[in-house]
Amino acid sequence: MSETPGDGHPSVRAAGERPPTAESGVNPGSAVGRFGDRVMSSLATGSGLLVSIVIGLIALFLLIQAVPALAKNTANFFTYTGPWVVSGSQIEFGIPAQLYATILVSVIALVIAMPVALGVALFVTEYAPKRLAGPIAYVVDLLAAVPSIVYGLWGILVLGPAMVGPNQWLVDNLGFLPFFQEPENVANMSTGGTLLTAGIVLAVMILPVITAVTREVFTQTPRSQREAALALGATQWEVVRYAVLPFGLSGYISGAMLGLGRALGETMALLLIISTAGPINFNLMESGQTLATVIANNAAEFDSPIKTGAYISAGLVLFVLTFIVNGAARSVIRRRA
């Protein structure tokens, strides 16, 4: 039997009626709550549409700029490996060598950075005491704030000369492998400006991205899973192996793909380390030009639409490559989820 508010007793709410929230004092079903939901939904939808429109406009700009040059290209854009000729009546250019160098350097960076990032993330979240975990995470995150040109200067002035000896040792002792053969351009060996050096620099650059994402995902592992494993007598490593790693694997892959995106588009650091064209092989002692560095290295020569469009076509390939990498990463994450 319900009572009215005027009787001095709280009224009995109708069945299914939700009480006002204690935090805001506003009934979520009220007009104010519904208006706020509509505003938030509109802002979220508009933001998503805005980003999609901007990406579409970028793709359209690249196509408009690249198509005239591609139409006048007398060589096969996907197979031509010779020097670029982007002026005069005979236009010849292609991207196999640049695409190869871009992918190879990025793979080297991932091979080096992913295990290190995983180890740092596990140490910070699972093994390090709290007074030590914070400073370590802070120092690793600071690497992301260093400008890329500083990494490039460090790579060519510090790391490159330091790699001269190890590079020569690899060539002398492991030259039978395709990765460490004598390079065609011996100047690379004297300066250390090799694909291996560039890959190491890129690994340091993408390390904080992978580490930060992986660390945050590992900290979200449900406490119930950890406690259940410990209750069954699992050691700390077994908790990591059977609870933390399976839960955070998709996040680890996501962080690696974010790092790969950074590596694929890196320009200034690689421009200072490797800026000369190289052959298409698996020799890490060679130099090369990536899709990004070939554009930056020739930006001063953009004095005609055809010449500009030829190099923008390389940017278009990089744009498509990034989409393919992101799509592959999402596919892997969906299967793991």
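S313 touches A66, L70, F77 and F93, with residues up to four places away in sequence left out; contact means heavy atoms within 4.5 Å. S313 lies in helix α11, residues 305–336. Helices (H or I, at least four residues) and strands (E, at least two) are DSSP runs, numbered from the N terminus. The relative accessibility of S313 is 1%, so S313 counts as buried. Buried means under 20% relative accessible area, exposed over 50%, and partly exposed in between (1.4 Å probe, protein chains only).

## Model and confidence

This is a predicted model: local features need pLDDT of at least 70, side-chain atom pairs count only at pLDDT 80 or more, and totals for chains, interfaces and linings use all residues. Residues are numbered from 1 along each chain as its sequence is written, and side-chain values use heavy atoms, with hydrogens and water left out.

The pLDDT is the predictor's confidence in each residue, from 0 to 100. The protein averages 84, and 89% of the residues score at least 70. Over residues 1–12 the pLDDT is below 50. Beyond near neighbours in sequence, that stretch has six contacts in the model.

## Overall fold

The protein has eleven helices and zero strands. Of its 337 residues, 37% count as buried. Take the contacts with a separation of 6 or more: residues 24 or more positions apart account for 72% of them.

Helix α2 has 32 residues. From first C-alpha to last, α2 reaches 45 Å, close to the 46 Å expected at 1.5 Å a residue. The expected span is 1.5 Å times one less than the number of residues. Helix α2 bends by about 30 degrees at A113. A proline, P115, follows within four residues. The bend at a residue is the angle between axes fitted to the seven residues ending there and the seven starting there.

Helix α6 covers residues 195–219. Its 25 residues should span 36 Å at 1.5 Å a residue, and its end C-alpha atoms are 35 Å apart, which agrees. Helix α6 bends by about 40 degrees at I206, and the proline P208 follows within four residues.

T211 sits in helix α6. Its relative accessible area is 1%, so T211 is buried. Residues up to four places away aside, T211 touches A117, V120, A121 and V140. T211 and V120 are 91 residues apart along the chain, yet their C-alpha atoms are separated by 6.8 Å.

G192 is in the loop between α5 and α6. At 0% relative accessibility, G192 counts as buried. Leaving aside neighbours within four places in sequence, G192 is in contact with G160, V164, N167 and T197. G192 and I274 are 82 residues apart in sequence and 9.5 Å apart in space, C-alpha to C-alpha.

## Salt bridges

Side chains of opposite charge can pair when their charged atoms come close. The structure holds four salt bridges. A salt bridge is a side-chain nitrogen of Lys or Arg within 4 Å of a carboxyl oxygen of Asp or Glu. One of them joins E126 and R226, with the closest N and O atoms 2.8 Å apart. This pair links distant parts of the chain: E126 is in helix α2 (residues 96–127), R226 in helix α7 (residues 223–231), 100 residues apart. E126 counts as buried at 12% relative accessibility. R226 counts as buried at 19%.

R215 forms a salt bridge with D141, the closest N and O atoms being 3.1 Å apart. R215 in helix α6 and D141 in helix α3 (residues 130–142) are 74 residues apart, so this pair too links distant parts of the chain. R215 is buried at 11% relative accessibility, whereas D141 is partly exposed at 30%. K307 and D303 also meet in a salt bridge, 3.3 Å from N to O. K307 is buried, with a relative accessible area of 10%. D303 is exposed, at 61%.
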